[in-house]
Amino acid sequence: ETADRTADELARLIDSANAPIFGVDQHSRVTEWNQKMSKISGVCRSEVLGTHIRDWLFDSSAQRSIENALRDALNGKETANFELRFQ
């Protein structure tokens, strides 16, 4: 019960954060998309969840470097200040 409450609180914190936050799984499918991401991208959470992150990237020429950065992040490797542009 305490773990469920903590998870709910963290989910609310991420969703209401004043910074754009999104998450992807090991296949680069979107698993999280907070309100700020919805505001800056114009795409609601329900529309983007489960889709591939590359479907939302504006700069197709940067897709490989972005996918590499996301893969590194999933493997615990930190990437400093990486800019993403969305459609």
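**Group meeting: a walk through the model**

Let's start with Arg45, which is partly exposed at a relative accessible area of 33%. That term has cut-offs: buried is under 20% relative accessible area, exposed is over 50%, and partly exposed lies in between, with a 1.4 Å probe and protein chains only.

A word on the source. This is a predicted model, where local features need pLDDT of at least 70, side-chain atom pairs count only at pLDDT 80 or more, and totals for chains, interfaces and linings use all residues. Residues are numbered from 1 along each chain as its sequence is written, and side-chain values use heavy atoms, with hydrogens and water left out.

Back to Arg45. What does its side chain meet? The partner is Glu32, in a salt bridge of 3.4 Å, N to O. A salt bridge here is a side-chain nitrogen of Lys or Arg within 4 Å of a carboxyl oxygen of Asp or Glu. Glu32 is partly exposed too, at 21% relative accessibility. Glu32 sits in strand E2 and Arg45 in helix H3, residues 45-48, so the pair links distant parts of the chain, 13 residues apart. The whole structure was searched, and one salt bridge was found.

Now the overall layout. The protein has four helices and two strands. Helices (H or I, at least four residues) and strands (E, at least two) are DSSP runs, numbered from the N terminus. The order from the N terminus is α-β-β-α-α-α. The C-alpha trace spans about 45 × 30 × 25 Å along its principal axes.

Next, the inside. Of the 87 residues, 24% are buried. The largest nonpolar core has twelve residues, among them Val30, Trp33, Trp56 and Leu70. Strand E2 (30-33) and helix H4 (63-74) each supply at least two residues of this core. A nonpolar core is a set of buried Ala, Val, Leu, Ile, Met, Phe, Trp, Tyr and Cys residues joined through side-chain atoms within 4.5 Å. In soluble globular proteins, nonpolar side chains tend to be buried together.

Is Ile40 buried or exposed? Ile40 is exposed, at 55% relative accessibility. Helix H2, residues 35-41, holds Ile40. Pro20 is 20 residues from Ile40 in sequence, and 7.9 Å from Ile40 in space, C-alpha to C-alpha.

Last stop, helix H1. Asp8 lies in this helix, residues 2-16. Asp8 is partly exposed, with a relative accessible area of 45%.

That's the tour.
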